[in-house]
Amino acid sequence: MTFDERYFAIGRLDRLSYGDTCVHRLDPRAKVLGAMLFLFTVVSFPKYEVVSLVPFFLFPALLTAVGEIPPLFILKKVLIVSPFAVFIGVFNPFLDTGTAAVVAGISISAGWLSFVSILLKFALTVSAALLLIATTSFPGVCHALRRLGFPALFISQLLFLYRYLFVLMEEAMRIVRAREMRSFGGRGAGMRVFARLIGTLFIRTVDRAERIYYAMLSRGFQGDIPELRRSRLAAADVVFLAATAAFLVVFRYFRVADWIGRLAQELIL
Amino acid sequence: MSHHIVEFRDVSFRYPDGTQALREVNFRIVHGEAVGVVGANGAGKSTLLQHMNGYLMPTAGTVTIGDLPLTKKTRREIRRKVGVVFQNPDDQLFMPTVFEDVAFGPLNLGMEEADVRERVREALGMVNGLELKDKPPHHLSAGQKSSVAIAAVMAMAPDILAMDEPAANLDPKSRRALIGLLKGFRHSKIIASHDLDLILDVCGRCLVMRDGTVAADGPAAEILANRELLEENNLELPLSLQRR
């Protein structure tokens, strides 16, 4: 993927959050809390658990459907970051060779189970985080965190990151383009030039930071970014949160996968 | 009203790296006056504007805004009176959405939420930007960004408006709209620009800067028609005054 394409791919996640479905309309705090509960529940499973994790995919599936988020897009994003999880778990099958189960005459080692478990947990948590951003927008999540008690300074940093990520990438894009246009036959494309480009970008960024700070001072900035209070939690938000919590408890402490399996058997037989 | 006056008296400024950017600058702007500041690149226009609200403090001389001399103590008060619009709107629009950005100033002034909302609506309405209010700044066009940047400053209801190259990066139609907008403001205005036609259109008076000094100060119609003076200062006649 070229730099330009990557840039527009990031913009796409951002644009998804402009949607107007019932998921988008929920209060950001409800969604952030719901997502946190989901993450903690998924991570709390013991390391050899595989089957019980599968039903949790209902959550992302439901959110993509109701929130009108293209599932392939989320899937692709999950795949892009998946190497991290693969590297963490890939040695488990070799290190943890004890037999954990025998399926159809083939013994499965505990290492394989924990590897699959890591991959499942990873897919669940990352897709939940992506869906949270895609349905809430990054600033929405930031404001929610702030109102849930996160330090204001930390939130200001995140908001600036979001605001200037795009500006910075455009700046980098211009520099890279300017180099490509004048580096003939691969000359000028080496590491030495690249290091200087990074230096230029850094200096430009420092200058810009100074100008932004001036702009903030000009408008009465006194160390804290003020925020307009928005509506209180509505009934829909409470219902959403309660339903999420209830389902999570059921999925965590009851063997839902078994029930589904049994139900399927009965239907077939 | 005395509190809309801007006065520079023997103002000099030297950057920490030794560059002498302003040398004994003197001028006085009275209430409701529109003043254009022109000059070659590096003549000190932007440095001058940065003194207007105390981002830079003069190394010698005094700046007076209204009845307040500019000091570290009065800086905050002065920033409330003087609205500065920057050359690059990306530097000025730092909040995640247009609405929040325009609300930033009024909220910092400690206004009530309902008043802030009203102010924001008014300011965005003034620049015909109400429908942009929920957009993030990075998805706006350059013209929209400058409109919003102006609204963000207007929302603070400043007495004096200072602008650095307001029409840079604008297409001709947006530029025309901006000129109409500027003509409508009753504030004292100080506009630094290379766009001499804009200055001729909007400003009654014009300062020419050269090497950190005021080389000429007078009615815009006279100064901007003086070919000799302009060419001495790396400028040229406004297009509307050039005969072909």
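## A buried glutamate to start with

E165(B) is buried, because 21 other C-beta atoms lie within 10 Å. A residue is called buried if 20 or more other C-beta atoms lie within 10 Å of its own, exposed if 12 or fewer, and partly exposed in between, with C-beta atoms placed from the backbone. E165(B) sits in the loop between β7 and α7 (172-184) of chain B. Although E165(B) is not a glycine, it has a positive phi of about 45°. Most residues other than glycine have a negative phi.

This is a predicted model, in which local features need pLDDT of at least 70, side-chain atom pairs count only at pLDDT 80 or more, and totals for chains, interfaces and linings use all residues. Residues are numbered from 1 along each chain as its sequence is written, while chains are lettered from A and ligands numbered from 1 in the order in which they are written.

## The six-stranded sheet of chain B

Let us look at the sheets next. In chain B, six strands in the order β6-β7-β8-β3-β9-β10 form an open sheet with mixed pairing. Strands here are DSSP runs of E with at least two residues, helices are runs of H or I with at least four, and both are numbered from the N terminus. Two strands pair if DSSP finds at least two bridges between them. At the edges are β6 (82-85) and β10 (213-219) of chain B, each pairing on one side only. On average, neighbouring strands of this sheet are turned by 15° against each other, direction ignored.

Helix α1 (residues 45-52) of chain B lies across β3 (34-39), β6, β7 (160-164), β8 (188-192) and β9 of chain B, and runs at about 150° to β8(B). Such angles run from 0 to 180 degrees between N-to-C directions, with axes fitted to C-alpha atoms, for helices over the stretch in contact.

## A hairpin at the edge

Six bridges join strand β9 (residues 205-210) of chain B to β10(B) in the antiparallel sense. Among the residue pairs, R205(B) stands opposite P219(B), and R210(B) has T213(B) as its bridge partner. Two residues lie between the strands of this hairpin, where D211(B) takes a positive phi near 50°.

A215(B) belongs to strand β10 of chain B. It counts as partly exposed because it has 16 C-beta neighbours inside 10 Å. Leaving aside neighbours within four places in sequence, A215(B) is in contact (C-beta atoms, placed from the backbone, within 7 Å) with V208(B), M209(B), R210(B) and N233(B). A215(B) and N233(B) are 18 residues apart along the chain, and 8.8 Å separate their C-alpha atoms.

## The four-stranded sheet of chain B

Chain B also has an open sheet of four strands, ordered β2-β1-β4-β5, with antiparallel pairing. Its edge strands are β2 and β5 (68-69) of chain B, each of which pairs on one side only. Strand β4 (residues 60-65) of chain B is joined to β5(B) by two bridges, and T64(B) stands opposite P69(B). Helix α1(B) lies across β1 (6-14), β2 and β4 of chain B, at about 60° to β2(B).

In strand β2 (residues 20-29) of chain B you will find E24(B). Its phi is near 40°, a positive value in a residue other than glycine. E24(B) is partly exposed because 14 other C-beta atoms lie within 10 Å.

## Nonpolar cores

How many residues does the largest nonpolar core have? It has 79, and those with the most contacts inside it include V37(B), V102(B), A151(B) and C206(B). A nonpolar core is a set of buried Ala, Val, Leu, Ile, Met, Phe, Trp, Tyr and Cys residues joined through C-beta atoms within 7 Å. Helix α6 (residues 142-154) of chain B gives the largest share of this core, seven residues.

Not counting residues up to four places away in sequence, A151(B) touches V102(B), A123(B), L124(B), M126(B), V127(B) and G129(B). A second, separate core of 31 residues includes F56(A), I74(A), L124(A) and L132(A).

## Where the chains meet

Contacts link 23 residues of chain B with 22 residues of chain A. On the side of chain B, the elements giving two or more residues are α2 (75-81), α3 (89-92), α4 (98-108) and α5 (113-126). The largest share, five residues, comes from α4(B).

Notes. Two residues are in contact if their C-beta atoms, placed from the backbone, lie within 7 Å.
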